[in-house]
Amino acid sequence: PWQGVIRNRSKDGNFYWVATTIVPVIGTAGRHDRYISLRTEVTRIKQVEESLRQDEAKFRGLAETMSSAVIVHREGRHMYANRYAEVLTGFSHDELLAMDFAEFVHPVSRQLVRERSEARLAGKPVSSRCELRLNTRDGRELWVELSSGSVECDGQTSVIGTFADIT
């Protein structure tokens, strides 16, 4: 059997997509003498996938060119960090993704961050902005303005935060 997605052109010149499975049928002589083809139109699915790819590209383009740190986390674990998060904190991208969110938050600000994050993930109303302190890799303290909100990431509610240095 063969499976794949095929792009076809209709009589009016428009393209459409079909998920196809082709199964050979063995005849009485023991050879393939015909095939059965099962097709399902998946044009709308392909359009949605392309739209999602374009939206992700726009998000990444925006996030990677900002002069503010952008971090997405769920239950304290970082899922995304833009390049400026590395510049601001001094931690590498891999270090940021391996860290608990509170690890680079100054101890004085950790409880505030945890409470806001838990409330946001629970769907409770939370102010979108606050000021807090962060620790950098080299031990400096920075004051930042945090703007945050909820976002779907991998099918689960996550928190997105943008940090602007206001030191």
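Mentor: Arg60 forms a salt bridge with Glu56, and their closest N and O atoms are 3.1 Å apart. A salt bridge here is a side-chain nitrogen of Lys or Arg within 4 Å of a carboxyl oxygen of Asp or Glu. The model is predicted: local features need pLDDT of at least 70, side-chain atom pairs count only at pLDDT 80 or more, and totals for chains, interfaces and linings use all residues. Residues are numbered from 1 along each chain as its sequence is written, and side-chain values use heavy atoms, with hydrogens and water left out.

Arg60 and Glu56 are separated by about one helical turn, because they are 4 residues apart in helix 1 (residues 43-65). Helices (H or I, at least four residues) and strands (E, at least two) are DSSP runs, numbered from the N terminus. Arg60 is partly exposed at 38% relative accessibility, and Glu56 is partly exposed at 42%. For these terms, buried means under 20% relative accessible area, exposed over 50%, and partly exposed in between (1.4 Å probe, protein chains only).

A second pair is Glu145 with Arg129, where the closest N and O atoms are 3.9 Å apart. This pair links distant parts of the chain, 16 residues apart: Glu145 is in strand 7 (residues 141-153) and Arg129 in strand 6 (residues 129-135). Glu145 is partly exposed at 28% relative accessibility, as is Arg129 at 48%.

Asp138 forms a salt bridge with Arg140, with 3.2 Å between the closest N and O atoms. Asp138 is exposed, at 57% relative accessible area, whereas Arg140 is partly exposed at 43%. By this rule the count comes to 8 salt bridges.
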